[in-house]
Amino acid sequence: MAESESLETITEHERILQEIESTDTACVGPTLRSVYDDQPNAHKRFMEKLDARIRNHDREIEKMCNFHHQGFVDAITELLKVRADAKKLMGQVSDTNRRLQDAGREVTAQTEEVIRCRVQQRNMATTVEKLQLCIPVLEMYSKLKEQLESKRYYSALKTMEQLENIYIPRVSQYRFCQIMAETLPKLREEIKEISMSDLKDFLESIRKHSDKIGETAMRQAQQHRTFNSAVHKQVTLSCAKPLYGLNGRTALHHNGLSTEETVDEEETDEEVLTAQDLVDFSPVYRCLHIYAVLGDRETFENYYRKQRKKQARLVLQPQSNMHETVEGYRKYFNQIVGFFVVEDHILHATQGLVTRAFTDELWNMALSKIIAVLRTHSSYCNDPDLVLELKNLIVIFADTLQGYGFPVNRLFDLLFEVRDQYNETLLKKWALVFREIFEQDNYSPIPVDTEEEYKSVINRFPFHDAEIEKQQFPKKLPMSQSVPQIYSQVKEFIYASLKFSESLHRSSTEIDDMLRKSTNLLLTRTLSCCLQNLIKKPHIGLTELVQIIINTTHLEQACKYLEDFITNITNVSPETIHTTRLYGLSTFKDARHAAEGEIYTKLNQKIDEFIQLADYEWGMAESDGRASGYLMDLINFLRSTFQVFTHLPGKVAQTACMSACKHLATSLMQMLLDTELKQISMGAIQQFNLDVIQCELFASSEPVPGFQGDTLQLAFIDLRQLLDLFMVWDWSTYLADYGQPTSKYLRVNPSTALALLEKMKDTSKKNNIFSQFRKNDRDRQKLIETVVKQLRSLVNGMSQHS
């Protein structure tokens, strides 16, 4: 076992020694470390083995030295012999070198001079060659600087392109070219910024000049349209009568301009200005070309469109007080027209900067906003003249933009809404006119003293009466001053309404329909309302109401002349199937009926005022023998009032008279049956009977002609039968004939008779009215009580039957 371990150790030491002999000295460390990593005391055996190996190498070295020693000695001997010859040869070489150096020093100097000249010559040729390459680059760069200074940016970009693609690549190795190449992108950015600044200035400029551009474009459109209209109307005049002849005038008018004024204006405005004359478009062209050259055209187009959209929103934003004056609307329209004129010019002058789709989108957005703005602000307008001027502006605005290819149908549709607003303002204005006419009217027939005065009234109002024409001057016309004034104002309203229909590109039939509808509104709403309010005013008395009825009768008769008036204006036959009829007849009929009803009401009120003056002494023993004063005053008032009714239609006067008599009879009956009246004497009954007799006499005197027989007296039949029953004391007949058609007291109601009889019964008890009868015949009192009982049974029977 020990022997095997010893052999392994020896073999390991041999390997280590071989490794040490064949390995570089710097790498021996790990090998030696393995000696110490083995079993203990192994390094001692290794050291012994190492010493043995060293001794073996020393013996081999000694053997080698002994073998070569003789040769070494021989070589040293020969070297000693050569030393002397070498010294001699060294001296000769040094001498020869010195003589050679002395001889070649001059040649060397000349040769160096030649070399130096050749180097200079070569450098000069190289420099000239390089300068010939650099000079064009520098010239182009100088040219670039000049172009930038003169603001010829498009040319400068072309020069930059040549520098980059042609010139700089030839001399790119030089530093100045590198600096130049680094500078060119910065110059491009500067050009982009300058161009964009110019574009912003341009956008600001067109924003400021949009008003002037739009004003010029709208003026030219108006002149063109007015000229065409004048030519068309001249042709029409040569062939037929004019379509519109206002107040007999046939001068051609269009939006406030006569033909003569139009011709003068066209002569003075011979120079036609365009958008290019007012605005310099070169910045936008230049900027577009620059961005196109730089390959960034899309960015420019997007920026331009975005900015124009913003400007469009600003332009479409109206001033808050725009509706106050026509100048506010005019400025608003001018700015919008100027904006779209510029866009139309950009559309046609550039290739793709703006497209038709983009302008259409802008216009649709603008049109919706414009319509909303006009709807809002026109609703604030209370002046019809301002609304009319607004309509004219909208027409010119629409015609101007239509000339540039923008669809404007929605604007003309809007005009129908504005027309309704215009009609509303007209109706409000004419309502004030009608009120003023009614307030200033004296409600008395028109006096005419001369033929001229008569013709003046007839020219204003179509009145014809053969009897009045035969009368001598001075004479009176049945209507009051308000009638011809109202008629004239209705015609003026038609003229005003007609003004709005001009230039709307509508047919005569449509214009005729518009005029008739607006006139119907004036008659049925405005004039009718004014008449109704007039009739209800407290200061309007019976005389005024009578005159109002007469006035409405004549106005109703004049409606057919208004129909003819509209027909003459529009040249549309009234027989046309779609022609709208005027509703004035119903308006004046309604007003007349309201006036009649007011007459009845005021008569009754006046009767009530007289009745309130009644002061009966209900306990009087005997009557005064004459009618009460208040009643005589009332009858006199009724007589004088009904005399005024002679000009009224017969049925109106008869109805008023019958209504007054019925109301008087009812009021007298209520006075007798008043629950607050507890006692009434026979003397009071007699006095009351005298008053009723006067009423019957008044009814029989025919205060208003046309009543047949005693028709008017029948208004007092209930009172008459009641009073006769008490005056005659004919209870047996009443009770016996009650309920029969032939009864003498058919109109006496049992409850009415009972109420009045109980008032008399109470009086007989307290005032001893029937004392003399009780002394002579106590049966009278029993009779009253018996009648009361029978009347109560009749009343109870009536209530049960009902």
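This is a walk through a predicted model of one protein chain, from its overall make-up to single residues. Local features are described at pLDDT of at least 70 and side-chain atom pairs at pLDDT 80 or more, while totals for chains, interfaces and linings use all residues. Residues are numbered from 1 along each chain as its sequence is written, and side-chain values use heavy atoms, without hydrogens and water.

Start with the whole chain. It holds 28 helices and four strands. Both are DSSP runs numbered from the N terminus: helices are H or I with at least four residues, strands are E with at least two. Of the 802 residues, 41% are buried. Buried means under 20% relative accessible area, exposed means over 50%, and partly exposed lies in between (1.4 Å probe, protein chains only). The chain exposes about 45,000 Å², and carbon and sulfur atoms supply 52% of that area. Accessible areas come from the Shrake-Rupley method with a 1.4 Å probe; for residues, only the protein chains shown count as cover. Among contacts with a separation of 6 or more, 79% join residues 24 or more positions apart. A contact means heavy atoms within 4.5 Å.

Now look inside. The largest nonpolar core has 185 residues, and W363 and I599 have the most contacts inside it. Such a core is a set of buried Ala, Val, Leu, Ile, Met, Phe, Trp, Tyr and Cys residues joined through side-chain atoms within 4.5 Å. Leaving aside neighbours within four places in sequence, I599 touches L542, L545, V546, I549, F645, L648 and A656. A second, separate core has 20 residues, including C134, L157, V171 and M180.

Helix 3 covers residues 42-149, 108 residues in total. Its end C-alpha atoms are only 97 Å apart, short of the 160 Å that a straight helix would reach. The expected span is 1.5 Å times one less than the number of residues. A kink of about 45° is centred on H68. The bend at a residue is the angle between axes fitted to the seven residues ending there and the seven starting there. Just after the helix, K151 takes a positive phi of about 60°. H43 lies in helix 3 too. Its relative accessible area is 29%, so H43 counts as partly exposed. H43 and H13 are 30 residues apart in sequence, with 9.4 Å between their C-alpha atoms.

Compare helix 17, residues 508-536. Its 29 residues reach 40 Å from first C-alpha to last, close to the expected 42 Å. Helix 17 bends by about 30° at S528.

H345 sits in helix 10 (residues 326-349) and is buried at 14% relative accessible area. Its side chain makes a polar contact with the side chain of Y285 at 2.9 Å. A polar contact is a pair of N or O atoms within 3.5 Å; within protein, one must be able to donate a hydrogen and the other to accept it, and residues adjacent in sequence count only if both atoms are side-chain atoms. Q402 belongs to helix 12 (residues 384-403).

Finish in the loops. Y443 lies between helix 13 (409-440) and strand 3 (446-448). It has a positive phi of about 55° although it is not a glycine. W729, between helix 24 (717-728) and helix 25 (731-737), has a positive phi of about 60°. The peptide bond from F473 to P474 is cis, with omega near -5°.
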